[in-house]
Amino acid sequence: MAMSEDAATAAETPQTPSTSRRGRVRLKRTALMAVPAVAAGGVLMALTAQGVLAAQFSISGMPFTITADKLEGEGFAQFGALDSMIPDSPNAGSTGGQVLVAVSAIKKAEITNLCQSVDLGGINLVIHAGDGGTPVSASNLTTDSDMLSGDAEFTNIEIGGDASTYTKAGPIGKGGPGVFGQQADTVKLTHLNQHNYASTAVGFKLPNLRLSFSSTGC
């Protein structure tokens, strides 16, 4: 169907800067609302990032992988967020310097057979810990992930609440107003695999820690 003359003129009229800015703001708000912090089966959470501490730094934009045989936690929350790089970051690519993530927060956690690796461009920096009979322990642990998988088990889970009202994981478990989230009294994850952009913890003990460079990651 041919466009009317008025419609054609409107289509050719460029957006004003203010209209463009409003569009970007609406897109960010929509993205935050759209990330379901992952439902109670399948892809979920675990190891360190955003929340109170992570809000204080810009991400590098270089993702890292975390795997573990088992993670057991007390006080769990998860919600969507946007992580930002520094202006003109060389790692921004087509993202505009922002990455949509699922933030996972755990008040107290124990992690068995932890592996963390980051690809530095042909060589991987790899860290192993918690595989000598004593698990890694962490307090106020959070992670910003754009991919995570494993087998999950929760107690007293609540799905679909406003993340700004959450209390089970403490202050680190609160998201933005109106953001979809989930929280639970406890969480247990086995065969954990995460693709993360940031990690933080107030306390982090890594028994049997080893750091090395390898041609393969976790």
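What pattern does the chain follow, read along the sequence? The answer is α-α-α-β-β-β-β-β-β-β-β-β, and the secondary structure comes to 3 helices and 9 strands. Here helices (H or I, at least four residues) and strands (E, at least two) are DSSP runs, numbered from the N terminus.

Before going further, a word on what you're looking at. This is a predicted model, in which local features need pLDDT of at least 70, side-chain atom pairs count only at pLDDT 80 or more, and totals for chains, interfaces and linings use all residues. Residues are numbered from 1 along each chain as its sequence is written, and side-chain values use heavy atoms, with hydrogens and water left out.

So how confident is the predictor? pLDDT is its confidence in each residue, from 0 to 100. The chain has a mean pLDDT of 81, with 74% of its residues at 70 or more. Over residues 1-55, though, the pLDDT is below 50, and this stretch has 100 contacts in the model beyond near neighbours in sequence. A contact means heavy atoms within 4.5 Å. Where pLDDT is low, the predicted coordinates should not be read in detail.

Now for the chain as a whole. Among contacts with a separation of 6 or more, 82% come from residues 24 or more positions apart. Of the 218 residues, 37% count as buried; that label means under 20% relative accessible area, while exposed means over 50% and partly exposed is in between (1.4 Å probe, protein chains only). The chain exposes about 11,300 Å², and carbon and sulfur atoms supply 55% of that. Accessible areas come from the Shrake-Rupley method with a 1.4 Å probe, and for residues only the protein chains shown count as cover.

Two strands pair if DSSP finds at least two bridges between them. E5 pairs with E7 in the antiparallel sense over 12 bridges, and here Phe-154 stands opposite Val-187 in E7. Strand E2 (residues 98-112) also pairs with E5 in the antiparallel sense, over 9 bridges, with Val-103 having Asp-144 of E5 as its bridge partner. Then there's strand E8 (residues 203-205), joined to E5 in the antiparallel sense over 3 bridges; Ala-138 stands opposite Phe-204 in E8.

Stay with E2 for a moment and find Val-101, which sits in that strand. Val-101 counts as buried because its relative accessible area is 1%. In sequence, Val-101 and Asp-144 are 43 residues apart, yet in space the C-alpha to C-alpha distance is 5.5 Å.

Next, look at the loop between E4 and E5, where you'll find Pro-135. Its relative accessibility of 25% is why Pro-135 counts as partly exposed. Leaving aside neighbours within four places in sequence, Pro-135 is in contact with Glu-110, Ile-111, Thr-112, Gly-130 and Pro-207.

In one of them, the side chains of Asp-131 and Arg-210 meet at 2.8 Å, N to O. Arg-210 counts as partly exposed because its relative accessibility is 34%.

Elsewhere, Lys-168 forms a salt bridge with Glu-158, the closest N and O atoms being 3.4 Å apart. Lys-168 is in the loop between strand E6 (158-162) and strand E7 (180-200), and Glu-158 is in E6, 10 residues apart. Glu-158, Lys-168 and Asp-185 are linked in a network of salt bridges. Lys-70 and Glu-72 also meet through their side chains in a salt bridge, at 3.8 Å, N to O.

Met-62, Leu-120, Ile-123, Leu-211 and Phe-213 make a nonpolar patch of about 470 Å². Patches are made of residues with over 30% relative accessible area and no salt bridge: like charges are joined within 9 Å, nonpolar side chains (Val, Leu, Ile, Met, Phe, Trp, Tyr) within 5 Å. Phe-213 belongs to strand E9 (residues 210-214), and Phe-213 counts as exposed because its relative accessibility is 55%.

Technical notes
Salt bridge = Lys/Arg side-chain N within 4 Å of Asp/Glu carboxyl O. pLDDT = per-residue confidence, 0-100.
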